[in-house]
Structures are given as C-alpha cells and as structure tokens.
Amino acid sequence: MAKMVVLQQPTKQPSISLLPSSLSDFNGTKLCQIQYKRKVWQPKGALHVSASSTKKILIMGGTRFIGVFLSRLLVKEGHQVTLFTRGKAPVTQQLPGESDSDYSNFKSQILHLKGDRKDFDFVKSSLSAEGYDVVYDINGREADEVEPILDALPNLEQFIYCSSAGVYLKSDLLPHCETDAVDPKSRHKGKLNTESLLESRDVNYTSIRPVYIYGPLNYNPVEEWFFHRLKAGRPIPIPNSGNQITQLGHVKDLATAFIQVLGNEKASKQVFNISGEKYVTFDGLAKACAKAGGFPEPEIVHYNPKDFDFGKKKAFPFRDQHFFASVEKAKHVLGWKPEFDLVEGLTDSYNLDFGRGTFRKEADFSTDDLILGKSLVLQA
C-alpha cells in the first residue's frame with residue numbers, strides 16, 4: 001500500500017600484448033531457495049542468432065554486462081572477436097546457468113588486446129597493425145576516444161556505437177523518437193558528440209540508444225536497488241507521486257539488437273532506440289520486482305526529495321521524471337523485437353543473479369532511513 005510521508009525540513013549536512021582470455025572468478029552457485037511461492041521459472045533469452053559472413057571484430061570494452069552477452073552472440077556466429085580492455089578485470093566470466101563446456105568453448109575463442117583507450121598512440125598503432133572489419137564501441141564516452149580508432153582503421157566496414165537515450169532534450173511530448181531534439185548540455189553530451197563525429201567522418205556507423213538497461217550482471221543499481229529492499233523486508237521509498245513513467249530494456253534483447261545491425265544495410269548511418277516495448281511507473285516497477293522475486297507486494301512510501309539533503313548519495317536509481325522512448329523504428333527497420341516483457345525479464349535477472357546471492361553493490365539503506373525517519377506517515 002502506498003503511503004505519503006509528510007516531512008519537516010531537515011538541517012543541511014554539511015603494456016602491448018595479444019592475450020588469450022583469463023580465468024573467470026565468477027562463482028556460479030546454485031539457485032537459492034525463494035522464500036515465497038511463485039511460478040516455476042524457466043530460463044528465456046537463449047542466445048540464438050542467424051548466420052552471417054565471418055568478420056574480424058573488435059569490442060571496445062566487453063568484459064561486463066552488455067559486452068558479456070554480445071561477445072557470446074558474435075562467437076556463436078563464428079566471428080573472430082577481440083576485446084580491448086585495460087586488463088584490470090577477468091577477460092571472460094562464466095555466465096550464470098552456462099554449462100562448463102559452453103563457457104570453455106567461448107573462452108578459448110576470445111582474444112584480448114590489453115591497453116588504455118585513452119593512450120591514443122597505442123590505439124592507433126595496435127589497431128592499425130591488427131586490422132579489424134567491425135568495431136563495437138561499448139564503453140566510449142567521448143568523441144576524442146573514438147577518433148584514433150577511425151584514424152587507425154580507414155577501411156573499417158562498420159562502427160557500431162552504444163549511445164544513450166539520455167541524449168534527448170527533456171520534453172513534454174513522449175515517447176522520445178530518433179528524430180527528436182537532443183540536449184548538447186546533457187551528461188551524455190560526449191555520446192552525442194561521438195555520433196556527430198561519426199557522421200562528419202562519413203563512417204558507416206550505427207548508433208544504439210538504450211534507455212535503462214537491466215538483466216543479469218547489471219553493474220548499475222537498477223533492479224538490484226529494489227531487490228535489496230524487498231529481501232530485507234523494507235518499505236520502498238519512491239520520490240513524489242510514484243506515477244513517473246519510465247522504461248527498461250533487457251540486456252539480452254539489447255545484445256540481439258547489436259547483432260541485427262551488423263552488416264545490415266538498413267542500419268547504415270542510422271540511430272535506433274532500444275528498450276522494452278512497455279512503459280512502467282516507478283510504483284509499478286517496485287511491484288514488478290516483487291513479483292519477479294517471489295516477494296509479497298511491497299509497502300511503498302512516497303516523499304518529496306526537496307525536503308532532504310542526501311549529500312552526494314543517490315536516494316533513488318532513476319531520474320525523477322517521465323523518461324521513455326519509442327522502439328518502433330528498430331522493430332520496423334530491423335525486424336527486431338524484444339523477447340522479454342518486464343516481469344519475465346526481472347525474473348530472469350533475479351534468478352540468474354540476485355537470487356543466487358550475487359550482486360554488484362552492498363545494500364545501503366542510509367538515505368531510506370532519513371526518509372522513513374521523518375515523522376508523521378499518512379496513508380496516501
């Protein structure tokens with residue numbers, strides 16, 4: 001049941017090498033017992049893709065979340081895949097639910113180029129020496145990080161970029177479409193500048209703009225933020241009315257979209273929004289996470305963020321506004337369609353990650369306690 005907190009104003013507180021992939025340190029333990037009854041879960045999102053001509057592919061990044069699923073799809077298609085990373089994390093990790101033989105086969109085929117992408121001289125020399133047909137840039141944030149790649153690979157067939165729907169200018173007219181105005185001052189302006197660079201260099205590029213991404217191994221506290229509170233049996237604090245509408249896309253559906261633009265003439269010099277088909281309110285997302293994890297419907301507490309000084313801590317994992325985008329272009333042009341609806345996708349994430357006892361960040365309820373500690377809680 002939703003509740004509103006009526007709040008008093010608080011006092012303000014003040015080396016160059018091509019290496020085979022390294023061993024994984026992922027602990028693939030068995031599924032935990034779920035404490036509440038729910039339907040028997042069956043895994044979805046098997047990584048099936050259609051055959052295509054073999055390419056020599058470089059992924060900038062690729063060792064966590066999006067790249068983990070994308071690299072498997074590319075290897076399954078028979079491409080030669082190299083990951084460019086600083087080597088600070090294991091180059092591969094076994095996916096939850098992945099068989100030892102499948103993981104061993106994948107791991108044996110991944111190449112690793114160790115380096116810092118901000119070392120532009122190294123990028124130019126190493127990439128020009130190797131030569132690649134296609135580049136997937138998963139972790140690029142600024143245009144100056146991309147320019148050396150283009151300089152090193154003048155005959156590049158395609159540059160596929162992971163941008164963000166965060167580049168759109170805030171608007172009262174939603175959903176965001178690919179032709180909508182963009183915000184040159186957004187915190188994703190580096191991605192917007194990269195798209196402009198690719199256009200100006202006359203590169204055969206494709207840019208993918210996800211909204212919020214979720215799924216197993218998510219390093220952003222999206223669904224994990226809710227799961228921590230549900231597991232602890234705590235109320236879910238949600239800013240303002242809780243009717244803000246947003247949108248989530250499953251990482252496996254995103255990886256499939258990245259595959260479908262590869263070598264696709266219809267994707268040449270195009271931008272595509274990628275996310276789930278349905279939109280959801282903040283309150284609805286809390287309830288969907290509870291359903292996915294087998295928890296009872298949560299107690300939701302609404303609050304006014306302006307009544308608090310959280311310092312540098314983030315009290316809620318989403319921007320406090322309506323934020324969602326149309327995926328119709330990707331569906332009609334690419335023939336792409338997300339496999340997961342929201343509850344199915346959250347169930348996949350829970351069972352393959354948080355439900356196994358694995359997560360990226362420890363629970364931190366300090367901002368919750370500030371909210372819940374304010375006196376006079378009224379029924380909404």
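Biologist: A polar contact is a pair of N or O atoms within 3.5 Å, where within protein one must be able to donate a hydrogen and the other to accept it, and residues adjacent in sequence count only if both atoms are side-chain atoms. Which residue caps the N-terminal end of H10?

Modeller: Asp-341 does, with a side-chain oxygen 3.3 Å from the backbone nitrogen of Val-343. Helices (H or I, at least four residues) and strands (E, at least two) are DSSP runs numbered from the N terminus. This is a predicted model, where local features need pLDDT of at least 70 and side-chain atom pairs count only at pLDDT 80 or more, while totals for chains, interfaces and linings use all residues. Residues are numbered from 1 along each chain as its sequence is written, and side-chain values use heavy atoms, without hydrogens and water.

Biologist: How many residues of H10 are buried?

Modeller: Nine of the eleven in 342–352, among them Leu-346, Asp-348 and Tyr-350; buried means under 20% relative accessible area, exposed over 50% and partly exposed in between (1.4 Å probe, protein chains only).

Biologist: What do they pack against?

Modeller: Their partners include helix H6 (223–231), helix H7 (251–260) and helix H8 (282–293), with contact meaning heavy atoms within 4.5 Å.

Biologist: And Thr-358, why is that buried?

Modeller: Thr-358 counts as buried because its relative accessible area is 18%; it sits in the loop between H10 and helix H11 (366–373), and its side chain makes a 2.6 Å polar contact with that of Asp-353.

Biologist: Switching to H3, which residues are buried there?

Modeller: In H3 (residues 120–130) they are Phe-122, Val-123, Ser-126 and Leu-127, while exposed Asp-121 and Ala-129 are on the face turned away from the buried side.
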